[in-house]
Amino acid sequence: MMKHLAQILKDRFGVREEDYNDALHIKNEKGGYVGDILVEKKIVTEEQLLESFSILYDIPLFLELPLDIIKSDLVKGIPIQFLKKHTMVPLGGNGQGDENKGDPGENGEPEKIPGMIAINNPACFQPLDDLVRLLNIHEYKVVFSTKNAILSAINISYEYSRDSAEQLVQDMEDDGSMIISDIEETADLLDDTSDAPIIKLVNHIISQSIKARASDIHIEPYQNILKVRYRVDGILYDLVSPPKAIQSALISRIKVMARLNIAEKRLPQDGRIEVKKGDQNIDIRVSTVPTSFGERVVLRLLNKTSSMLNLTELGMEPDRLRIFEDLIRSANGIVLVTGPTGSGKTTTLYAALSSINKSDINIITIEDPVEYQIQGIGQIQVNQKIGLTFAQGLRSIVRQDPDVILIGEIRDRETAEIAVQSALTGHLVFSTLHTNDSASAITRLVDIGIEPFLLSSSVLSVIAQRLVRVLCDDCKIPYTPDDYAMQSISMTADQLKGRTVYKKKGCENCFQTGYSGRVSIFEIMLLDDNLRKTILETYDSNQIKNVAVKQNMTTLLDDGIKKVLEGKTSISEILRVTQ
């Protein structure tokens, strides 16, 4: 049979006999499967191997599984670890009067499939028999599929099979006294049994937030109610309102997960949780503060498995992208990115660092916290408890012979002074500031004690940035804005000619918000001779901005109008972030 597989691989994909024999030798010495070894050595792809198995065993190959026939009740009682270990998943079928179509039968009619089980390895027939016994089914169809497709189907199956947050809360309200007594009797909240209601609720809140691409989870106690909200694309939405009686247990569970002191309820605390959902690794920063009605908890979610954006994905227009690329390849100077919290400043700087990250450049960062690990870059985490501040770390960085320095944020005069001195002594410095626009950054630096002549000599550019929500392509609707709406963002009738403007509607794909994802708008203020002269004369942000606009600087509002006319976002969204 193995010889037969070797022949198929040779005939269809040109696998040499010696390569196959080498894989066979490794299997005999170290164990494993010949197919996996061939894929690992990149002699064949997973799809090619599965196609060969499909021919060899006469079993259909589904590179993508029909997720619309997933039956959540099929996986009840089956441990998720069992399915993931053996890379198999039971799906539904069309034999129970479902609307889904099966493969065409001999008479051309869709074949009735009572059940389908997707597997990745033909050697797992013993676990397959065990699964069939657990499912208690007699008729089923086996298909081959890729590991990623099967793991995705497993995750979706268990996501569907879980109780909703509302159902969990309803159960608590229906029998609250029993649940509260159960919680009081449980000494160790880390005893993560599936029946512990608080653990189920916390896990579900985090799981649903990850699924909705939320950046934050807020647990807010009030006098008579407890609210849980999450932030998606910069906007807070209500998730669930658990009974007030479980407030203490809910917050204690999160504090235990974050390794915080559950007995201390009078002081703010900060901690961290690392969780995994399917193939996603999520880093959660936890912050608690005492309020009049109990501790308020905010969880900041950071998906470590999400890839960093490159420069072309930031949303800059081609002409300004070229300007930005020239800036980040400068020999020395300061490039500042400004904007409120959550406006994408760090993402922009990471994209810049990744673009210039070469073996002949020494890049060192100091951040609070380090959000993404970048291969080839030295990254320092601020630690206030031991005195490692931005200023202290920066003094050490300049003695590490860096070419490029990233400062997570300029917060005080000392940090700003070292940044300016570093730029003047031949280093390229990136950093962020919390100001409303690019011109205000100059005013802010002068206010904290930096001389205007030092700024005019060291700062290359100030980039203001905002994140605007992108209209959902599935439900956005065209309309003609009225005069008031156009005046509110300074849009002219000439700009509107031949263009279509859209507004939000809401559908299932965008959670009824009308938006899906975000894109940046930018304002790049380059310090040319005229602006440097202006800064030496005055550091009034309005005068600096007027000069920059005369030099053809595209403002945040101008960039927002372009995004509206391109159909990417709405007028109301531009107004929300720019005014």
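This is a predicted model: local features need pLDDT of at least 70, side-chain atom pairs count only at pLDDT 80 or more; totals for chains, interfaces and linings use all residues.
**The whole chain**

Show everything as a cartoon. The protein chain has 23 helices and 18 strands. Of its 579 residues, 47% count as buried. Switch to a surface view, and you are looking at about 29500 Å² of accessible surface, 47% of which belongs to carbon and sulfur atoms. Now think about contacts between residues at least 6 apart in sequence: 65% of these join residues at least 24 apart.

**Stop 1: strand β1**

Select residues 88-91, which make up strand β1.

**Stop 2: the six-stranded sheet**

Next, find the open sheet whose six strands come in the order β6-β5-β4-β9-β8-β7, with antiparallel pairing. Which strands stand at the edges? They are β6 (235-240) and β7 (269-277); each has a single partner strand, so one side of each is left without a neighbour in the sheet. Turn the view and follow the twist, which averages 25 degrees from one strand to the next.

Now select residues 247-257. This is helix α11, and it packs on the sheet, touching β4, β5, β7, β8 (280-291) and β9. The direction of α11 makes about 45 degrees with that of β9.

Zoom in on one pair of strands: β4 (residues 214-221) and β5 (residues 226-232) run antiparallel and are joined by seven bridges. Click Ala-214, and you will find Val-232 of β5 opposite.

**Stop 3: the loop between β4 and β5**

Pick Tyr-222, which sits in the loop between β4 and β5. Is Tyr-222 buried or partly exposed? Its relative accessible area is 34%, so Tyr-222 counts as partly exposed.

**Stop 4: Leu-302 in β9**

Go back to the sheet and select Leu-302, which is in strand β9 (residues 294-303). With a relative accessible area of 11%, Leu-302 falls under the 20% cut-off and is therefore buried. Which residues does Leu-302 touch, leaving aside its neighbours within four places in sequence? They are Asn-281, Ile-282, Asp-283, Glu-371 and Tyr-372. Try the distance tool from Leu-302 to Ile-210 as well: these two are 92 residues apart in sequence, yet their C-alpha atoms are 9.4 Å apart in space.

**Stop 5: two loop residues with positive phi**

Finish with a pair of loops. Select Asp-58, in the loop between α4 (46-57) and α5 (80-86). Asp-58 is not a glycine, but it has a positive phi of about 55 degrees. Its relative accessible area is 70%, so Asp-58 is exposed.

Then jump to Asn-552, in the loop between α21 (541-550) and α22 (556-565). Asn-552 also has a positive phi, about 70 degrees, although it is not a glycine. Asn-552 is exposed too, because its relative accessible area of 68% is over the 50% cut-off.

Conventions: Residues are numbered from 1 along each chain as its sequence is written. Side-chain values use heavy atoms; hydrogens and water are left out. Helices (H or I, at least four residues) and strands (E, at least two) are DSSP runs, numbered from the N terminus. Buried means under 20% relative accessible area, exposed over 50%, partly exposed in between (1.4 Å probe, protein chains only). Contact means heavy atoms within 4.5 Å. Two strands pair if DSSP finds at least two bridges between them. Axes are lines fitted to C-alpha atoms, for helices over the stretch in contact, and angles run from 0 to 180 degrees between N-to-C directions. Accessible areas come from the Shrake-Rupley method with a 1.4 Å probe; for residues, only the protein chains shown count as cover.
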